[in-house]
Amino acid sequence: MAAASRDLQGLLAGLDPTADVAQRHIWLINCFDWLRGDRASPQAAIGRVSLLLDAVEARPELRERLRAWWRVFTQSVDLTTLLADYGFAPRTAFVSELSERLRRKILPGTPETTDASDLFRMVLPGVFDAGWIALLDETQLARIGALLADATVDAGGAPRWRHTLMDAVTYCSSQVVAAGFSPELRLRMNPEHHEARPFHALMADLDELREQMFEQPAGAESEEALQAAFVAFRDRLDACRASAASVYTHLEDNGISVGLVFRLRQLRERVLRIRELLDCLMSPVPAPSVARLIGKLVLAGGERNSIRALIATNSSMLAAKVTERSAETGEHYITRDRASYLQMVKKAAGGGALTAVTVLLKFGIYALALSAFWAGLASGLMYAASFVAIQLLHLTLATKQPAMTAPALAARLRDIKADGAVDDFVDEVANLVRSQVAAVLGNVLVVVPTMVALALLVQYALGRPLLDAAHAAATLNSLSLAGPTALFAAITGILLFSASIVAGWTENAFVLHRLDSAMRYNPRIGAFLGAARARRWATFMRTHISGFASNISLGLMLGLLPAFAGFFGLGLDVRHVTLSAGQIAAAAASTGLSVLQQPALWWAVAAIPVIGALNVSVSFYFAFRLALRAHSVSLGDRARIRSAIWARWRSRPVSFFLPA
């Protein structure tokens, strides 16, 4: 503590209100660095605050010098902008905001500035500052307020800091009104809220509050009028917030826009900032409210500068954008009774039979000996066409289910706090797992005999095997469990998840921009197709747009990933359980019965359940995590869910495989 006292004496000796801007701000930065000390604990910082207050109060000359320094500081730095705008991102574009945050992290700031926001970032840069500021007691806050008391008042006797706070309220309110008047929000508000016109009267209520606070003489009647004006403005502000919140209902029904969600969140945060500023203005003892406001500014600044927070916020908005639509689609893939379970098995069997044709076409493309890119593109287009055919024939490809069903499952978590919600969710998990098992088995158990039959048919027609001995052996070895098959299967699971993201984004855009309505009623489209055909096409595209986007993107990714990875020398490949099972069957049929004696066959067969498990689990994991983020499920609720699922597995494991 003696060393701290010596450092404090040197710090106070450097306090010079006549110094230039840079030196005054450097002194302020050094002062807060001294208060933080070694950052061992917030309590230690509080002890240093007491040391500083004792030292200044003990010397009248130093006290006057500090007040003169503070007076010059408040006149040269615009604190209103700090109070109104600090912590708010001015950009809706992710890339531009990311580049701005990277610039702040990489390039040093200068204390030679009159921008209070830039200076605040250097003076109070971290969460530690919010911690020790929150520990300041009322006595210490009162002592700080007395030292920094501004003797400058207006004609009505109001100190300058009140005008600064009121100006900040005005700036924030104007931003709220501008957001409320923007056509993106205004056209999507609930009609009842819109007709109430809360944004129109907000600034008039604020003018009334300003008049009562600064222009009316003091007295009991004026105090009542001030409180009435404050209540009116606060209620109007709440009405604006409720009116903006009604937009969320429109987004859920008609598609989600990241830009709109950004505007809504900014508006909500602006309203909260206004409430905090009003607490400082209206409180009879403003010091605690001011300390809370500064602490929240520190936290807001830390989040505003955090790249991780930016990514988390944007991923949350993107999650909401894609999972709402995927949840709607995924409901069709979950079976809940014996009849729907058997129907799923039949659809999966049909999907497996059609996949055998896909495998045959894949070997045909390889026989053309195209270059890597063109072979990958041809394979991707062929996969896409096959997957779309499976969709249009109302068949099922098992591995496409998880990424679609995970958002539908997570949608059940909206009311997780309700009684019985966890048990209902576990029932849905059992239904989902059972559906996945039925689909995978239906695909694999049918693709194998169908592929064998096709291979024998080709051999009979051409007089030679579908694959020669070298290519058959290479196919079995490439699919061996002893190789990198597990890694490639996990990568394929990521591709399956990525296809669901494309599907959710595309369907959301289709709904958001009302393309089905455009197809149905646009005069040019109607003239070209005819009114009846236009209506049918609009309904068809609204029903199938998600599947088209998912299937086409998945097919192209499966075909092109090996080509692009080969360009960089990575040697990556894809392993899809149904396609892999078909390839093994083709290689075995081309080799003949002697293949049963080859270890390579059984290593490849052993890989099939691993490929299926990784395809399904990896895609489901990422999709479910994304959906949890979209629905803001807490860690505690996630732990409850895990415990309930394990309890169900121990008590009724069969329910995960067979319907009751």
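The following paragraphs lead through a predicted model of a protein, from its overall make-up to particular residues and pairs.

The protein contains 30 helices and zero strands. Its chain has 660 residues, and buried residues account for 47% of them. The contacts also say something about how the chain is arranged: among those between residues at least 6 apart in sequence, 81% join residues at least 24 apart.

When its neighbours within four places in sequence are left aside, Leu209 is in contact with Met166, Leu226, Ala229, Phe230, Phe233 and Leu278.

α19 has 30 residues, and the distance from its first C-alpha to its last is 44 Å, close to the 44 Å expected at 1.5 Å a residue. Ala369 follows α19 and has a positive phi, near 55°. Leu370 is placed in the loop between α19 (338–367) and α20 (372–392). Is Leu370 buried or exposed, or does it count as partly exposed? Its relative accessibility is 41%, so Leu370 counts as partly exposed, because that category lies between the limits of 20% and 50%. Leu370 also belongs to a nonpolar patch on the surface, formed together with Leu368, Phe373, Trp374 and Phe564. The residues of this patch have about 550 Å² of accessible area together.

Two further residues show how helices are placed relative to other parts of the chain. His544 lies in helix α27, which runs over residues 531–567. With a relative accessible area of 13%, His544 is buried. Residues up to four places away in sequence not being counted, His544 touches Gln391 and Leu392. Thr74, in turn, is located in helix α4, residues 60–76. Beyond its neighbours within four places in sequence, Thr74 is in contact with Leu79 and Arg160. Thr74 and Thr164 are 90 residues apart along the chain, yet their C-alpha atoms are separated by 9.9 Å.

The charged residues remain to be described. Side chains of opposite charge can pair when their charged atoms come close. How many salt bridges are counted in the model? The count comes to 19 salt bridges. One of them joins Asp118 and Arg121, with the closest N and O atoms 2.9 Å apart. These two residues are three residues apart in helix α7 (residues 116–123), and therefore Asp118 and Arg121 are separated by about one helical turn.

Another salt bridge is formed by the side chains of Arg210 and Asp167, at 3.6 Å from N to O. This pair links distant parts of the chain, since Arg210 is in helix α13 (residues 198–214) and Asp167 is in helix α10 (residues 160–181), 43 residues apart. Arg210 has a relative accessible area of 22% and is partly exposed. Asp167 is also partly exposed, with a relative accessible area of 28%.

The side chains of Asp573 and Arg575 likewise meet in a salt bridge, with 3.3 Å from N to O. At 27% relative accessibility, Asp573 counts as partly exposed, while Arg575, at 6%, counts as buried. Finally, salt bridges that share partners join Asp33, Arg36 and Asp129 into one network.

Key. Residues numbered from 1 in each chain as written. Predicted model: local features only at pLDDT ≥ 70, side-chain atom pairs only at ≥ 80, totals over all residues. Heavy atoms only, no water. Contact = heavy atoms within 4.5 Å. Helix = DSSP H or I, 4+ residues; strand = E, 2+ residues; numbered from the N terminus. Buried < 20%, exposed > 50% of the residue type's maximum accessible area, 1.4 Å probe, protein only. Patch = residues over 30% accessible without salt bridge, like charges linked within 9 Å, V, L, I, M, F, W, Y side chains within 5 Å. Areas by Shrake-Rupley, 256 points an atom, 1.4 Å probe, with all protein chains shown as cover. Salt bridge = Lys/Arg side-chain N within 4 Å of Asp/Glu carboxyl O. Expected span 1.5 Å × (residues − 1).
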